[in-house]
Amino acid sequence: MTTKMVVGLDGHGSGERAVAYAKNLADLIGDCELLIVYVVEWSPYSFQTAEENAQRHKRREEEISTAMQRVVDPAVAKLTAAGIKAKGIVRHGDVASILMAVSEEEGAAQIIVSRSSEGGFTKRIFGSATSNLVMHASVPVTVVS
């Protein structure tokens with residue numbers, strides 16, 4: 001049976017450290033698939049017109065496409081070139097909630113994220129998001145330095 005692990009990317013070097021750590025684990029495990037996940041933070045709470053909502057939906061799709069092309073696809077390509085099974089996922093929402101949801105949907109054995117000191121993602125992934133992951137995830141969470 002293939003072991004699946006969710007790896008949270010942030011588009012910075014800290015996310016690359018999480019991917020490198022996950023790759024090392026995958027090499028040790030053998031039959032492993034890494035689920036490379038990037039979350040575009042988005043709030044569903046807004047009071048907008050129907051026209052604004054239509055534009056918002058279009059923006060969301062553009063953001064997903066851009067994040068996939070610029071952040072996720074290169075990480076997946078690098079892993080697959082190294083012989084690791086990998087799949088990319090981009091979603092909108094709360095970082096911790098999305099990472100937990102993907103781990104449950106995919107039957108992942110672990111979530112791997114990185115501690116960051118490189119910008120705004122710090123607050124998202126090593127602040128309340130990491131706390132929420134550690135406290136509420138149904139699988140172990142590894143926080144990489």
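Modeller: This is a predicted model. In the lining of the largest pocket, α2 gives the most, with 6 residues.

Colleague: Which helices each supply at least two residues of that lining?

Modeller: Those are α1 and α2. The lining of the largest pocket consists of 15 residues, and nearest the centre lie Leu9, Glu16, Val19, Ala75 and Lys78. The volume of this pocket is about 270 Å³.

Colleague: Why is Glu33 called buried?

Modeller: The cut-off for buried is under 20% relative accessible area. Glu33 has 16% relative accessibility, so Glu33 counts as buried.

Colleague: Where is Glu33 found, and what is Glu33 in contact with beyond its neighbours within four places in sequence?

Modeller: Glu33 belongs to strand β2, residues 32-40. With those sequence neighbours left aside, its contacts are Thr2, Thr3, Lys4, Met5, Lys85, Ala86 and Lys87.

Colleague: What is the order of the strands in the sheet, and is the pairing parallel or antiparallel?

Modeller: The order is β3-β2-β1-β4-β5, an open sheet of 5 strands with parallel pairing. β3 (85-92) and β5 (141-144) each have a single partner strand, so one side of each is without a neighbour in the sheet, and these two stand at the edges. On average, neighbouring strands of this sheet are turned by 25 degrees against each other, direction ignored.

Colleague: How do you know that β4 and β5 pair?

Modeller: Pairing needs at least two bridges between the strands. Strand β4 (residues 110-114) is joined to β5 by 4 bridges, so the two count as paired, and they run parallel. Ile111 has Val141 in β5 as its bridge partner.

Colleague: What packs on the sheet?

Modeller: Helix α1 (residues 13-29) does, touching β1 (3-9), β2, β4 and β5, and its direction makes about 170 degrees with that of β1. Helix α2 (residues 50-81) lies across β1, β2 and β3 and runs at about 160 degrees to β3.

Colleague: Which residues of α3 are buried, and what follows the helix?

Modeller: Val95, Ala96, Ile98, Leu99, Met100, Val102, Ser103 and Glu106 are buried in α3. Gly107 follows α3 and has a positive phi, near 70 degrees.

Key: Residues numbered from 1 in each chain as written. Predicted model: local features only at pLDDT ≥ 70, side-chain atom pairs only at ≥ 80, totals over all residues. Heavy atoms only, no water. Buried < 20%, exposed > 50% of the residue type's maximum accessible area, 1.4 Å probe, protein only. Contact = heavy atoms within 4.5 Å. Axes fitted to C-alpha atoms, helices over the stretch in contact; angles between N-to-C directions. 1 Å grid on protein atoms, 1.4 Å probe; cavity = no way out; pocket = protein on both sides within 12 Å on 5 of 7 lines; lining within 4 Å. Points joined across faces, edges and corners; volume = space filled by probe spheres on them.
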